[in-house]
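Dear colleague,

Here is the structure I said I would pass on. My notes on the backbone follow below it.

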Amino acid sequence: MREWADFSVQEAGGHTTIVLEGPLLVSTIGLLDRKLRMFDEPVQHIDLSQAEEIDTIGAWTIWRFADEHKARIVGASQQAETLLQAVKDSASDAPVEPERLPTIPRVLEDTGQKVVDFGHGVLNFMSFLGAVIVAFGSVMRHPKRFRYRALIRQFDLVGISALGIIGLMSFLIGIVIAQQGAAQLRQFGAEIYTINLTGRLSMRELGVLMTAIMVAGRSGSAFAAQLGTMKLTEEIDAMRTIGVSPLEALVVPRILANVLMMPLLGFYSAVLAMIGGAFISDLTLGIPFWTFMSRIQEVVPIYDVWVGLIKAPVFGLIVALSGCYQGMQVKGNSEEVGLRTTQAVVQAIFMVIVLDAFFAVFFTEIGWG
Amino acid sequence: MIGDDEEDLEHEALLEDVMEDARDDVVAAFDGKYPIEIKGLKNSFGEQVIHENLDLNVRRGEILGVVGGSGTGKSVLMRSIIGLQIPDAGEIRVFGQNTIGALPDEESAVRARWGVLFQGGALFSTLTVAENVEVPLKQFFPEIEADLRHEIARYKVVMSGLPEEAAAKYPSELSGGMRKRAGLARALALDPELLFLDEPTAGLDPIGASAFDVLTRELTDTLGLTVFLITHDLDTLYAICDRVAVLADKKVIAVDTIPNLLKLDHPWIQEYFNGPRSRAAQTSMELHGAGKSVDKPAGGKA
């Protein structure tokens, strides 16, 4: 059972006196404060002589009430006097939250702000791209300044350590395509075309696309979070003051690693998807594993491999660019890091899919259908 | 005028409301002699031993300054006491209660009674300064109404030396020194019995630093606070600390008033307190008196 501060009202000689009882502490003030706020009769005196301990929160409650009712505080101990003086000196009625507009203007303002931000975002992205190209140029002119160790490390993070998860994912997707494809093709007695379906689809489209999505989730987000945190802790500012360009030291190796690793990962993914297809065909369709694989050689035209290999570095570039760009845009607080990381991944995946659609039309038009 | 019965009914209804919101694990103030007792503390990171066999008792109502060279584990000691660092061995009691590995995050009996100021302020970056101050109030005393909570946040912000407009600002909009003050406002939100300050005056301008000293001393005297103060600031040590604990050789080698520490002939203590900076701080304190407020006599209940 907790103890609560309370008060009683005494009337004498035409004066109303509020007599406070009990300890006036943060832990006991909850009830008293609510009652005092509801008290709306005139009060002349507030008597503290019956009160026990007091802290600044108790003192504030009393002072606020006294101020509101223009009442005089009597019977305060020396300690209470000191605290009352201290809270009086610190009294303030400044807002505790930043100002907010009413709903309609706020919605309009937000909408306008979003449009402006979008415009600025496009511009910023363009200038970032420009700065990256300049940084590439200067790295090429001064190859000694290039950070090979950083590049190797990014190869490891983006490529080698992704092999397991991308391999497993592709293998499973290969199984799904072959399985579902066979179920449909069987209705036309064309089960054998499962091999064409699996082989061409994984080489042209799925291998690279799924890899790009996985890399966006693994590396694009990591780039944004790393660079964003470095920005918050002023590491990037420190680099600039030492004369190291953060674009050369941080962004260029990451972009290069992504661009160079994506074709390898994409091809690897396509091969694993075909193995997955062959595996399930061997088990359920009665097409032996090696027959499946040798048919692939006959039915998948070589330009399908080129289509995949051309798209992969472009996708890698987009993922790395948006990760690094969003990371470098972080300012202010830690919430921004999370926000920018999300944006990096969403933006990268969206752009990859949009470009993939363009590529599909383009390659068909030039006769690589 | 309302009748007595009606008034009683109203009182009952309010009390019920308050009880519904309030937590039931609030305990009374500590009245033992030592709010912090440490025995045989050992801390190590891998091979590196930071503390070994460290003993320290902090007296109620005192400001204890903790000094030591860089890397002697002052902050680690503080983190051990407040339960953020689990020591390898030893016993730590805060308000008579064992804090080692025994404090679940939501435990309040000890946490509602201390305030901690971290080195960088450690404000919650997505809340405004005032909202930061309100967090402990909301957490431990949910029965306090929003109006009062906002008012408390406001006067705490002003009391810790920030301009009143700062209440509605986000930490990222504040300078380093202002963030530290906002951190202090949050640490003081509950008028805690025990205050931990990790280098409170580092990074403040001299005027701000001495105002900070005065504020700490005043609060200690009027509220009977116990303060555990890690500092490198010799002015703060001379002006407001009742005793100073010296951390060296992996333990507390001495706890005493500065004049008594000067009588010891440990080389580090001699070098520290007899260096040119220390002499300057001592002279300025002798000239201007201790950091006690000039216009108010030191009250005190402890």
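The loop between β4 and β5 (97-98) of chain B contains Phe95(B). The model is a predicted one, and in it Phe95(B) has a positive phi of about 50° although it is not a glycine. Most residues other than glycine have a negative phi. Is Phe95(B) buried or exposed? Phe95(B) counts as buried, because 22 C-beta neighbours lie inside 10 Å and the cut-off for a buried residue is 20 or more.

Glu234(A) sits in the loop between α7 (194-232) and α8 (235-242) of chain A.

Strand β4 (residues 89-94) of chain B runs antiparallel to strand β1 (residues 36-45) of chain B, and 5 bridges join the two. One of the pairs there is Lys42(B) with Ala89(B), the latter in β4(B).

β1(B) also pairs with strand β2 (residues 48-58) of chain B, in the antiparallel sense and over 7 bridges. Opposite Ile38(B) in that pairing is Leu56(B) of β2(B). The hairpin of β1(B) and β2(B) has 2 residues between the strands, and in this hairpin Gly46(B) takes a positive phi near 60°.

Regards

Technical notes:
Residues numbered from 1 in each chain as written. Chains lettered and ligands numbered in written order. Predicted model: local features only at pLDDT ≥ 70, side-chain atom pairs only at ≥ 80, totals over all residues. Pairing = 2+ DSSP bridges. Helix = DSSP H or I, 4+ residues; strand = E, 2+ residues; numbered from the N terminus. Buried ≥ 20, exposed ≤ 12 C-beta atoms within 10 Å, placed from the backbone.
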